[in-house]
Amino acid sequence: MFVRDWLSANHVLLRSRDGHVLVDTGYVQHAPLTLALVAGHRGLAGEPLAKIVNTHGHSDHVGGNAALALRYGCPIAVPAAEAPLFAAWDEKALLYSYADQSADRFAVDETIEPGSVHVWGDLEWRALAAPGHDMGALVFFNPEHRVLISGDALWEHGFGFVMPRAIDPRALPATRATLDLIASLDVRTVIPGHGEPFADAAPALERSYARLEAFEADDERVARHAAKVMFSYSLLHRRRFPEARLPAYVQEVGFQRDLNAAVFRTTPDAMAAMIAGELLRSGAIRREGGDLVPAASEAG
Ligand SMILES: [Zn+2]
């Protein structure tokens, strides 16, 4: 496993004499680092890559797909529900340019249906639908060792941002159903999309249920969280952003503009002040001259 950061999701390399399989490939900006890690002595070490698999289509999970497929000539397998989005390269549904993010376009070779079973790294992995943070997402569960590759459906401290009810009424109920599914699996080890792997899913699930309950009680809180994590994610790949430009930015970026229209219904100045103010107070970002710069962040 390669533990990355908030800009690039982790990679899981499942090794087998029948062919090595890589789950998730990071953000496009750091694709050269992803290629180096995957090729290196802890990775393929000169052997070929047989397949790329994605938990979901967000930019921090598929950003190395194109470069890796080019180098290794290997097929790319994605959740069946998201295959049409890649075929159409739907930058809105995939939250690319629509959310001020990018990814190199790639071709889908295989689709993975929920409920299907795959042998990767000499282990059986069940693909399970894990909608919520991303409505087409999958998690991969190995029942023998009770290991879960959870993507952004469960982290040690929470889960990936969720759309407010006002934008997608399915997202919060789906998030609850996915947590219930994971709780039913009796997971011993979680390999999350971000952060170190961890043992014992129970405390992580407890924290996620608490966050979800707070979200279910307050749609504006869901929207504030989404607006903040998406902007802090942009700060990670932009590295700095002039604070004075933020009101214009929340009008230009569709994701932010739509959150405002559906939930905040306020001026761009007020929305920008909310985003910057809350991120500064929480210590997620800091001011440097007239710029906002990242301190630490989460997005998924
Ligand atoms: Zn995600």
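Q: Is R245 buried or exposed, or partly exposed?
A: Buried means under 20% relative accessible area, exposed over 50%, partly exposed in between (1.4 Å probe, protein chains only). R245 has 33%, so R245 is partly exposed. The model is predicted: local features need pLDDT of at least 70, side-chain atom pairs count only at pLDDT 80 or more, and totals for chains, interfaces and linings use all residues. Residues are numbered from 1 along each chain as its sequence is written, and side-chain values use heavy atoms, without hydrogens and water.

Q: Which side chain meets R245 in a salt bridge?
A: Side chains of opposite charge can pair when their charged atoms come close. The cut-off here: a side-chain nitrogen of Lys or Arg within 4 Å of a carboxyl oxygen of Asp or Glu. R245 pairs with E252 at 3.2 Å, N to O.

Q: How many salt bridges does this rule give?
A: The count is 14. Among them is K51 with E110, with closest N and O atoms 2.5 Å apart. K51 lies in strand β3 (residues 49-53) and E110 in strand β5 (residues 110-112), so the pair ties together parts 59 residues apart in sequence. Strands are DSSP runs (E, at least two residues), numbered from the N terminus. K51 is buried at 17%; E110 is partly exposed at 30%.

Q: Which residues are linked in a network of salt bridges?
A: E220, R224, K228 and E278.

Q: Where is G151 placed?
A: G151 sits in strand β9 (residues 147-151). G151 is buried, at 2%.

Conventions. Helices (H or I, at least four residues) and strands (E, at least two) are DSSP runs, numbered from the N terminus.
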